[in-house]
Amino acid sequence: MRVVTWNLWWRFGPWAERQKAVLAVLRELRPDVVGLQEVWSAEGGNLAEWLAGELGLHCAWAESGAPGRWQRRIGDDTVGIGTAVLSRWPVAERAVLRLPVPEELDDGRLALYAGLDTPGHLVPFFTTHLTSVPNASAVRAGQVAALAEFVAGHRRETGFPPVVTGDFNARPDSDELRLLGERGFLDAWRYADPAAPSATVDPANPYVTSGGPGLRIDHIRVGPPGPGGLGRVRAVRRAGDGPVDGVWPSDHLAVVADLDGDGGHLPDRA
């Protein structure tokens, strides 16, 4: 099963050209399930639904209830923002968690659960977007604690481990990511080529203007493997790490992980 997580940089920059680049990258990757953050909505539709239609995938969408801070940044109060899951399989269950945050920092961050109706298994899949406020590790730790409880409440009786994806705005060695590790969620990047670049916010990307070294803040975390190694991480890498027809897709790079299926029940990737 090929899993992707990607922050799509909302309606910033050349968004109309970027959405075509995003589609081109996903079409080449042929993912089975994708967690998306910073997805725009406008005029009754949203970017995730458009991508799903182009790729022949199912879509689960959760819109932020507090888009005002985002809208003020682009001067347009008609554009919404949300979190989404694209899936090769139907979404049998769906739930949304509003992440805890002090009122003065609230910009509507969410976690989205999608129970994927694969042949033989329900796959519990989650994607999230933690606060990006600098020096807010304690806030993110509280959000991770809430996320962990949300995941525990939707594990279901299934052999496939929970898959948790998203833009955590936190490095792998942060206190907030250690909390997930303590709950048994493996960092998929352990299976990357040690020589491969790991930053998902990479100064090679022209949209990244903050300076300084690259950061790996987008993550795929997987619970303990099920029977026969079901859900075990095979390999992981970055994607969307260059321009498509001269346009970089997002200010974040995607993370792609291939997980083990179990023969005829959950088709594997070559």
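## An aromatic cluster

Ring pairs tie Trp-9, Trp-10, Phe-12, Trp-70 and Tyr-207 together into a cluster. A pair here means rings of Phe, Tyr or Trp (its six-membered ring) with centres within 6.5 Å; planes under 30 degrees apart are stacked, over 60 edge-to-face, and the rest tilted. This is a predicted model, so local features need pLDDT of at least 70 and side-chain atom pairs count only at pLDDT 80 or more, while totals for chains, interfaces and linings use all residues. Numbering runs from 1 along each chain as its sequence is written, and side-chain values use heavy atoms, with hydrogens and water left out.

There are eight aromatic pairs in the structure. Take Trp-9 and Tyr-207: their rings are tilted, 4.6 Å centre to centre with 35° between the planes. This pair links distant parts of the chain, 198 residues apart, with Trp-9 in the loop between strand 1 (2-7) and helix 1 (15-29) and Tyr-207 in the loop between strand 10 (186-187) and strand 11 (218-222). Helices (H or I, at least four residues) and strands (E, at least two) are DSSP runs, numbered from the N terminus. Trp-9 and Tyr-207 are both buried; that is under 20% relative accessible area, with exposed being over 50% and partly exposed in between (1.4 Å probe, protein chains only).

Now for Trp-15 and Trp-40, an edge-to-face pair at 5.4 Å centre to centre and 70° between the planes. Trp-15 sits in helix 1 and Trp-40 in strand 2 (residues 33-42), 25 residues apart. Trp-40 counts as buried because its relative accessible area is 11%, while Trp-15, at 29%, is partly exposed.

Arg-11 gets involved with both rings. It lies over the face of Trp-15, at 3.5 Å from the ring centre, and its charged end also sits over the ring of Trp-40, 4.3 Å from the centre. The cut-offs for a charge over a ring are NZ of Lys or CZ of Arg within 6 Å of the ring centre and within 35 degrees of the ring normal.

## Nonpolar cores

The largest nonpolar core has 34 residues, and Trp-6, Leu-26, Leu-36, Leu-51 and Leu-86 touch the most other members. Such a core is a set of buried Ala, Val, Leu, Ile, Met, Phe, Trp, Tyr and Cys residues joined through side-chain atoms within 4.5 Å. Strand 1, helix 1, strand 2, helix 2 (47-55), strand 5 (80-87) and strand 13 (254-259) each give two or more residues to this core.

Setting aside neighbours within four places in sequence, Leu-51 is in contact (heavy atoms within 4.5 Å) with Leu-8, Gln-19, Val-22, Leu-23, Leu-26, Leu-36 and Leu-86. A second, separate core of 26 residues includes Leu-112, Val-233, Val-236 and Val-255.

## Salt bridges

The whole structure holds 13 salt bridges, each a side-chain nitrogen of Lys or Arg within 4 Å of a carboxyl oxygen of Asp or Glu. In one of them, Glu-54 meets Arg-27, with the closest N and O atoms 3.7 Å apart.

Arg-178 and Asp-175 form another, at 2.1 Å, N to O. Both lie in helix 5 (residues 175-182), three residues apart, or about one turn of the helix. Finally, bridges with shared partners join Arg-232, Arg-234 and Asp-260 into one network.
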